[in-house]
Amino acid sequence: MEGRSLFFVLGRGGPPDAAVRAAGGQVVTRLADPRRVLAVAPLEAYGGLSKHPAVALAGPVSIDAQRFGSFAKLVGLDASQQET
Amino acid sequence: MASVGQELLDVPLPDMVTKLALGIAEAQRALDENSVETAQILADTTIEVIPAFTQTIAANGTITFEASDPVEMSLIQVGLNPTFYQFAEASIEVTMDIKTTTSSETNIKVSAKASVGFACWSASVRVDVSHNRKFQKEVRGTSRLFTKMVPVPPPPRIFPEITVIDNRVPAPPPGP
């Protein structure tokens with residue numbers, strides 16, 4: 001596996017920031033529940049991140065462009081809304 | 001001593017292929033389970049979204065903002081999908097280095113002894129022969145397993161179809 005991927009990481013009992021950093025990744029989005037973050041990490045770190053004792057779940061995620069586009073339009077983040 | 005061809009035939013290739021296939025199947029199952037679990041967590045994780053703001057500019061120039069009630073949306077609704085991976089390629093590489101050496105050594109030692117005395121004589125000949133033959137074989141083997149994984153689209157029915165009906169009243173066109 002090569003490259004970097006976006007991961008959804010669920011910490012076990014607390015924020016998983018340290019585990020993400022140990023895997024060579026970086027937290028890019030924090031959610032309301034501090035145990036849940038989106039992180040960018042090397043794909044090779046997938047196995048290690050999943051088995052880290054401070055991580056309850058780590059799974060690679062991707063952005064569905066069509067669905068995200070609908071969401072962006074809904075909240076007024078799309079370009080057409082900006083222009084009006 | 002087994003021939004080089006026999007050594008190659010003795011490589012447990014069927015066992016290696018079977019174990020590789022079983023390992024891939026097990027890993028694929030774990031990957032799929034993890035992706036499905038991620039999908040469930042993404043569906044359970046919600047964020048509050050404020051779908052609209054209204055900005056009102058009063059006649060005296062004061063500006064007020066009014067936000068509509070927030071709605072909860074799951075991360076899947078927002079557009080985050082679990083990534084599914086699939087093993088696309090697997091290969092086994094076996095390298096063997098076989099070295100055979102045969103050496104033989106023969107030693108012959110001959111000694112003769114004779115003596116002559118009064119009315120008698122004696123003679124003896126002694127021959128020592130030793131023969132050594134040595135066989136040496138070195139077999140070194142390495143195997144390398146290589147797998148390639150690629151992301152694949154999620155199963156088509158894993159996500160519900162989401163239709164957004166936007167009932168917001170369009171803002172009036174700006175005045176002259």
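My entries below go from the ground rules to the chains, the sheet, the core and single residues.

**Ground rules.** I'm working with a predicted model, where local features need pLDDT of at least 70, side-chain atom pairs count only at pLDDT 80 or more, and totals for chains, interfaces and linings use all residues. Residues are numbered from 1 along each chain as its sequence is written, while chains are lettered from A and ligands numbered from 1 in the order in which they are written.

**Chain B, overview.** I started with the elements: chain B has 3 helices and 7 strands. Helices here are DSSP runs of H or I with at least four residues, strands are runs of E with at least two, and both are numbered from the N terminus. Reading from the N terminus, I noted α-α-β-β-β-β-α-β-β-β. Next I checked burial, and 10% of the 176 residues of chain B count as buried. Buried takes 20 or more other C-beta atoms within 10 Å of a residue's own, exposed takes 12 or fewer, and partly exposed is in between, with C-beta atoms placed from the backbone. Then contacts, meaning pairs whose C-beta atoms, placed from the backbone, lie within 7 Å. Among contacts in chain B between residues at least 6 apart in sequence, 77% join residues at least 24 apart.

**One residue out in chain B.** I picked B:Ala123, which sits in strand 7 (residues 120–152) of chain B. Is B:Ala123 buried or exposed? B:Ala123 counts as exposed, because 9 C-beta neighbours lie inside 10 Å. I also noted that B:Ala123 and B:Ala112 are 11 residues apart along the chain, with 7.5 Å between their C-alpha atoms.

**Where the chains touch.** I found 20 residues of chain B in contact with 21 residues of chain A. On the chain B side, helix 2 (13–44), strand 1 (46–49) and strand 5 (80–82) each supply at least two residues. Helix 2 of chain B gives the largest share of that side, 6 residues. By type, the chain B side divides into 11 nonpolar, 7 polar and 2 charged residues. For those labels, Ala, Val, Leu, Ile, Met, Phe, Trp, Tyr, Cys and Pro count as nonpolar, Asp, Glu, Lys and Arg as charged, and the others, Gly among them, as polar.

Which strands make up the open sheet, and in what order? I wrote down 5 strands in the order 2(A)-3(A)-1(A)-4(A)-5(B), with antiparallel pairing. Strand 2 of chain A and strand 5 of chain B stand at the edges with a single partner strand each, so one side of each has no neighbour in the sheet. Neighbouring strands are turned by 40° against each other on average, direction ignored. Helix 2 of chain B packs on this sheet, touching strands 1 and 4 of chain A as well as strand 5 of chain B, and its direction makes about 85° with that of strand 4 of chain A. Axes are lines fitted to C-alpha atoms, for helices over the stretch in contact, and angles run from 0 to 180 degrees between N-to-C directions.

**Strand by strand.** Two strands pair if DSSP finds at least two bridges between them.
- Strand 2 (residues 26–30) and strand 3 of chain A run antiparallel and are joined by 4 bridges; a hairpin of 5 residues links them.
- A:Thr29 stands opposite A:Leu38 in strand 3 of chain A.
- Strand 1 and strand 3 of chain A pair antiparallel over 7 bridges, and A:Leu6 stands opposite A:Val40 there.

**The core.** A nonpolar core is a set of buried Ala, Val, Leu, Ile, Met, Phe, Trp, Tyr and Cys residues joined through C-beta atoms within 7 Å. The largest one has 25 residues, and A:Phe7, A:Val9, A:Ala41, A:Leu49 and B:Leu42 have the most contacts inside it. Strand 4 of chain A brings the largest share of this core, 4 residues.

**A:Phe7.** I ended with A:Phe7, found in strand 1 of chain A. A:Phe7 is buried because 29 other C-beta atoms lie within 10 Å. Leaving aside neighbours within four places in sequence, its contacts include A:Gly25, A:Ala41 and A:Leu49. A:Phe7 and A:Gly25 are 18 residues apart in sequence and 9.4 Å apart, C-alpha to C-alpha.

Conventions: Contact = placed C-beta atoms within 7 Å.
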